[in-house]
Amino acid sequence: MTPSDVKATLSFSDGSPSMELPIYKGTIGPDVIDIRKLYGQTGKFTYDPGFLSTASCNSTITYIDGDKGELLYRGYPIEQLAVNCDYLETCYLLLNGELPNATQKAEFQNRVTNHTMVNEQMQFFLRGFRRDAHPMAVMTGLVGALSAFYHDSTDINNPEHREVAAIRLIAKMPTLVAMAYKYTVGQPYIYPKNDLSYSGNFLRMMFATPCEEYKVSPVIERALDRIFILHADHEQNASTSTVRLCGSSGTNPFAAIAAGVACLWGPAHGGANEACLNMLEDIQAMGGVAKVGEFMNQVKDKNSGVRLMGFGHRVYKNYDPRAKLMQETCKEVLQELGLENDPLFKLAMALEKIALEDDYFVARKLYPNVDFYSGIVQRAIGIPVPLFTAIFALARTVGWIAQLNEMIADPEYKIGRPRQLFVGSAKRDVKPLAQR
Ligand SMILES: CC(C)(COP(=O)(O)OP(=O)(O)OC[C@H]1O[C@@H](n2cnc3c(N)ncnc32)[C@H](O)[C@@H]1OP(=O)(O)O)[C@@H](O)C(=O)NCCC(=O)NCCS
């Protein structure tokens with residue numbers, strides 16, 4: 001961290017001594033005020049629920065500028081990575097800091113490929129679930145269960161263990177998601193096939209059956225790979241912060257990632273694309289494109305409580321750069337599958353067009369987010385809506401593990417332990433039961 005020449009001074013209106021606080025500069029983005037000595041010197045905490053103004057760590061992995069609509073992985077714009085690299089190259093970049101050369105890429109791909117199978121016991125573990133369990137409930141359990149299987153990669157303080165755990169997680173997530181899906185539909189699990197690409201293998205494990213091979217379409221394979229790249233990391237969001245906090249106790253890495261999966265499940269985070277597809281299906285049931293105007297009036301009416309799902313973002317107040325890329329992929333996939341005239345997709349395009357031109361959305365800087373298009377693409381590919389968040393978890397696993405490993409390797413790392421402003425009862429005495 002580079003110290004700034006400027007310092008902040010905190011003064012108090014009651015005459016208590018003021019305090020000088022150091023400021024650090026990042027490579028890009030806002031500076032931070034270092035408050036680590038605040039409690040020691042003033043006896044006071046800071047108050048920032050939701051971390052609206054708090055940097056919880058320093059990181060070299062991902063940078064987002066929401067006003068500009070910019071997303072960088074290790075300094076590289078997402079637009080360039082999505083066009084020039086595949087998902088495994090992106091994983092290598094996030095984990096190691098640099099893009100691989102051809103030899104490094106082949107070695108990495110080989111290592112990941114050699115870890116795609118899961119312990120055969122995992123299927124018996126899966127059997128304990130109801131067939132109608134939500135895939136994210138199943139994934140939370142399965143990822144947590146990995147910690148019981150791989151005893152040679154559980155010491156978070158050993159860099160080799162951390163590396164093997166990272167490879168195992170990246171390699172096994174597609175296998176687990178596909179198993180969770182097959183279990184729901186009552187079909188036999190399809191084992192990984194190592195001569196396929198990362199996304200090609202996933203598609204086959206999802207859609208092949210022992211009686212019918214699945215032919216991987218290069219357009220669909222590339223589309224899925226792009227979904228994975230675009231979801232690979234997004235700096236200190238809720239699930240990543242959960243993984244860091246959970247891992248800060250020194251817990252097993254698979255358990256820390258399971259905590260990330262649990263957090264991602266929520267509709268305010270990874271569950272948004274599912275909500276978007278459900279919204280499209282509801283409008284379709286009400287009459288489809290003909291009802292778009294009526295629906296938009298409800299969205300603009302503050303009392304209706306209706307929101308246009310897949311639009312707006314807490315950080316991006318400009319076009320989400322991932323949404324632009326996903327929109328391109330969406331068109332390619334619909335064309336490849338001959339779905340340009342599918343009523344649901346026509347409806348999505350009609351909504352998008354109106355929203356991009358409507359003053360309500362323009363004035364509030366509400367643009368389509370990545371979830372708007374990724375839901376449409378996944379549905380077109382044949383992925384069931386409840387599985388969308390599990391696909392997101394699969395893709396985000398590399399980000400979680402890169403962030404977790406960065407934290408553990410940081411000499412300044414401490415167990416995460418927020419403070420609180422206590423507003424409950426002051427100390428009081430317990431009365432015997434008869435007197436309460
Ligand atoms: C993502 C989201 C929670 C961000 O919310 P936020 O940054 O807190 O923005 P706010 O809720 O303060 O909204 C700002 C304004 O835009 C409006 N707005 C935001 N998103 C909207 C949407 N999707 N549809 C209609 N109006 C929306 C709000 O009503 C508010 O209007 P006002 O200023 O007149 O009161 C929000 O845009 C949303 O709910 N989007 C839909 C869900 C979604 O797609 N989530 C995926 C995120 S990746």
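1. In this predicted model, Tyr24 is placed opposite Val32 of strand S3, and this pair belongs to an antiparallel pairing in which S2 and S3 (residues 32–33) are joined over 2 bridges. The two strands make up a hairpin with 6 residues between them, and within the turn Gly29 adopts a positive phi of about 90°.

2. Strand S2 (residues 19–25) also pairs with strand S1 (residues 2–10), again in the antiparallel sense, over 6 bridges. Here Leu10 is the residue that stands opposite Met19 in S2.

3. Helix H7, which covers residues 159–185 and so counts 27 residues, reaches 39 Å from its first C-alpha to its last, close to the 39 Å expected at 1.5 Å a residue. After the end of H7 comes Gly186, whose phi is positive, near 75°.

4. Which residues are closest to the ligand? Of the 14 residues that surround the ligand, the closest are Ala272, Arg307, Leu308, Gly312 and Arg364. By residue class, the shell around the ligand is made up of 6 nonpolar, 4 polar and 4 charged residues.

Conventions:
Residues are numbered from 1 along each chain as its sequence is written. This is a predicted model: local features need pLDDT of at least 70, side-chain atom pairs count only at pLDDT 80 or more; totals for chains, interfaces and linings use all residues. Helices (H or I, at least four residues) and strands (E, at least two) are DSSP runs, numbered from the N terminus. A residue is near a molecule or strand if its C-beta atom, placed from the backbone, lies within 6 Å of it. Ala, Val, Leu, Ile, Met, Phe, Trp, Tyr, Cys and Pro count as nonpolar, Asp, Glu, Lys and Arg as charged, and the others, Gly among them, as polar. Two strands pair if DSSP finds at least two bridges between them.
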